[in-house]
Amino acid sequence: MREAWASLALCALLAGACAPRGPVAAASASPPQPRTSALSAPKTLEHTFALDRELRTFTARVCPTGALPARLVPGMGAARSMLTSAAIERGSVRLPLTAGEQGIELAQLQPGDCVRYDLDLRSEGGGLGAPKLQRSAGSLMVNLAALLWRPLDYGTYTAMSARFELPEGVQASVPWPRDPGDPERYVLDASTFAFHAYAAFGALSVRHLRIAGSSIELAILDGLSHEREAAIARWTEAQARAVALIGGRLPRERIQIVVLPAGPSPDPIRFGSMTRGGGASAGILIASDFDERALMSDWVLVHELSHLLHPFVHRQEAWVSEGIATYYQEVLRARAGLQPVDTAWRRIMSGSEQGESMDMSLERGAATMYETYRFAPVYWGGAAIMLLADVELRRRSVLDEARPRSLDDVLVELSRCCGAGSRPWSSSEVAERFDTIAGAPIMRDLIASAVRGQTFPKLGALYAQLGVDREGRPVAGAPLAGIRDAIMRAPAPSLRAATADGTTPAP
Ligand SMILES: [Zn+2]
C-alpha cells in the first residue's frame with residue numbers, strides 16, 4: 001500500500017477528534033436526589049477496566065465524584081453495537097440501565113454510585129484501514145475510542161484515572177502515563193477522550209526502548225517468531241532515531257507503538273496511523289512475511305512519528321499536517337541513511353508534480369479529499385509547501401543569524417509549545433504560531449500565494465535553483481546548492497552522539 005491513499009485517509013480519520021463535544025445536555029427527568037456528592041467535592045472519574053482470559057468481554061466500572069454525569073456516550077458511533085449491558089452499582093444493588101440514541105442515561109445516579117458497562121469484543125471486526133478492533137492469534141488491537149464511554153463534559157473533570165484487572169497471562173498496552181506514586185494507576189487527561197488511541201491486550205511482546213531521550217513502548221501482538229519481533233524492534237529504533245535527527249530528540253517523552261501482524265503482503269507495512277488520545281499512540285499493521293531490508297527503508301513509521309511535530313489539525317486542512325509528515329518522511333530517511341538522497345529528491349519532485357496536477361487550490365483539495373479521494377495531491381502538495389518554507393527559512397537565516405535556521409528549528413519549537421493538547425487546531429492558528437517562531441510571515445504568505453491560489457505553483461524554477469536534476473541528482477554550481485545539501489544532511493556527529501543513549505529491553 002505504499003501509495004494506498006485510501007488507507008492513509010482512514011488513518012487520518014482515525015486520528016480525528018472522535019468524541020462528541022460541547023456543553024452537557026440537560027438530564028431528562030431530573031431525579032429528586034442531589035446530583036452533587038458535596039459542594040466542595042472535586043469532579044473526578046475513576047475507571048476500572050477488566051477483560052476475561054479469552055478477550056471476549058471488556059468490562060468498565062466508572063466511579064464519579066463531585067457533580068454527576070448526565071449520561072455516558074461512546075467515543076465512536078460504531079461502538080454502540082458492542083454494548084451488551086449497563087447498570088448502576090450501589091453497594092450490592094445493581095440497577096440495570098438502557099442505552100438509547102443519546103447514550104447511557106444516568107438520571108438515577110446518586111453520589112457514591114458507580115456505572116458498569118460490558119462490551120462484546122467479539123462483535124466488531126474492522127477492516128484493514130480501520131482497526132477499530134482486530135485480532136491476532138491470542139491478542140487484540142483495539143481503538144480505545146470504541147471502549148471508553150464518557151461524559152460529554154469530560155474536559156471539566158479535575159482528575160481522571162484508570163486501572164486494569166487482568167487475568168494471568170493477559171497483558172495490556174495503552175498510551176497513558178502511569179501515576180508515579182502508584183504504577184498500577186494510569187492518569188487520564190481530556191485528550192484521552194478527545195482523540196483516538198490504540199490499546200493492545202492479550203499475549204503481547206512488550207519492549208521498552210529508550211531512544212534519544214524518549215520512552216517507546218513497543219507492543220507486538222502475537223503470531224510472529226522471536227526473530228521477527230527482534231527485527232521489528234530494530235526497525236522501530238532505526239526509524240525513531242531518524243525522526244530524532246530533528247533537534248536531537250523525539251517530539252514526545254513517551255510514545256506507544258502497537259504492531260499487529262496483518263497477514264502476508266508485498267509491502268512491509270499495510271497501514272499506519274498516529275493518534276493522540278491520552279498520549280502519542282501509533283498503530284501499525286505489518287506484513288507477517290515482511291522483508292527486513294524493505295521494512296527498514298519503508299516510510300510509514302517515520303511519517304507517523306513526524307506527525308508529533310505539529311498539533312492536531314482539522315482534517316479538512318490536512319495539507320498542513322500531512323505536508324509536514326510527507327516532507328519529513330523523505331528528508332529524514334535520507335539524513336539517516338535509510339534511503340539515498342537522490343531518491344528523496346526524486347520522490348519530493350514527483351510528489352510536487354502531484355500537487356501541480358490539482359485542478360483546484362490546495363486548500364479546496366484538502367477540504368474535499370474525503371469526497372474526491374484525491375489524497376496524494378494534498379499530501380504531496382503540502383510537502384511542497386514545507387519545502388518552500390524550509391528553503392525560505394534557510395535563505396533568510398543566511399541574512400540574519402538570529403533567525404531560526406530551518407524548518408527543523410521552527411517545528412521543534414512548535415512541537416514543544418503546541419504538539420500535545422486536546423483540541424484540533426486550524427491551519428491559520430498553526431501558521432500564526434509558525435510565523436511567530438520564524439519571526440517572519442512565511443507561512444501566511446505561502447497560504448495566500450500557494451495554498452489558496454487557484455493553481456498550485458510550478459516548482460521547476462526552485463529545483464533549478466537548488467540544483468536537483470530530474471533523477472534527483474545534484475547539479476554543480478546551483479545558487480542554492482548549499483541549502484539543497486543542508487536539507488538532506490544529518491546533524492554533526494557530536495549531536496548524534498548525544499542522542500544515542502541506547503536501547504534497553506523490557507525487564
Ligand atoms: Zn499522515
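**Sheets, helices and a zinc site in a predicted model**

Visitor: Which residue of β14 stands opposite Ala162?
Guide: This is a predicted model. Strand β11 (residues 159-165) and strand β14 (residues 182-188) pair in the antiparallel sense, with three bridges between them. Within β14, the residue standing opposite Ala162 is Tyr186.

Visitor: What is the bridge partner of Arg178 in β14?
Guide: Strand β13 (residues 178-179) runs antiparallel to β14, and two bridges join these strands. They form a hairpin with two residues between them. The partner of Arg178 in β14 is Tyr186.

Visitor: Which strands stand at the edges of the eight-strand sheet?
Guide: This open sheet has mixed pairing and the order β5-β4-β8-β2-β1-β11-β14-β13. An edge strand here has a single partner, so one of its sides is left without a neighbour in the sheet. The two strands of this kind are β5 (93-97) and β13.

Visitor: What is the average twist from one strand to the next in the five-strand sheet?
Guide: The strands of this open sheet follow the order β16-β17-β18-β20-β19, and their pairing is mixed. At its edges lie β16 (204-211) and β19 (269-275), each pairing on one side only. From one strand to the next, the twist averages 15 degrees.

Visitor: What is the bridge partner of Glu217 in β18?
Guide: Strand β17 (residues 214-221) pairs with strand β18 (residues 254-261) in the parallel sense, over six bridges. In β18, Glu217 has as its bridge partner Gln256.

Visitor: What angle does the direction of helix α4 make with that of β16?
Guide: Helix α4 (residues 226-243) packs on the five-strand sheet. The strands that α4 touches are β16, β17, β18, β19 and β20 (280-286). Between the direction of α4 and that of β16, the angle is about 30 degrees.

Visitor: Is Glu229 buried or exposed?
Guide: Glu229 is found in helix α4. Leaving aside residues up to four places away in sequence, Glu229 touches Ser205, Arg207, Ile220 and Leu224. The C-alpha atoms of Glu229 and Val259, 30 residues apart along the chain, are separated by 9.7 Å. The relative accessibility of Glu229 is 8%, and because the limit is under 20%, Glu229 counts as buried.

Visitor: At roughly what angle do the axes of α8 and α11 cross?
Guide: Helix α8 (residues 341-356) passes helix α11 (residues 376-399) in a left-handed crossing. The contact is made by Trp345, Arg347, Ile348, Gly351, Ser352, Gln354 and Gly355 of α8, and by Ala376, Pro377, Trp380, Gly381, Ala384 and Leu387 of α11. These residues divide into seven nonpolar, five polar and one charged. The axes come within 7 Å and cross at roughly 115 degrees.

Visitor: What spacing do the donors of the zinc ion follow along the chain?
Guide: The protein donors are His303 (NE2), His307 (NE2) and Glu322 (OE), lying 2.1 Å from the zinc ion. Along the chain, the spacing of these donors is H-x3-H-x14-E.

Visitor: What is the relative accessible area of His307?
Guide: Both histidine donors of the zinc ion, His303 and His307, can be judged by the limit of under 20% for a buried residue. His303 is buried, at a relative accessible area of 0%. His307 is buried as well, and its relative accessible area is 7%.

Key:
Residues numbered from 1 in each chain as written. Predicted model: local features only at pLDDT ≥ 70, side-chain atom pairs only at ≥ 80, totals over all residues. Heavy atoms only, no water. Axes fitted to C-alpha atoms, helices over the stretch in contact; angles between N-to-C directions. Helix = DSSP H or I, 4+ residues; strand = E, 2+ residues; numbered from the N terminus. Left-handed = near helix turned anticlockwise from the far one by under 90°. Contact = heavy atoms within 4.5 Å. Nonpolar A, V, L, I, M, F, W, Y, C, P; charged D, E, K, R; others polar. Donors = N, O, S within 2.8 Å, 3.2 Å for Na, K, Ca; no water. Buried < 20%, exposed > 50% of the residue type's maximum accessible area, 1.4 Å probe, protein only. Pairing = 2+ DSSP bridges.
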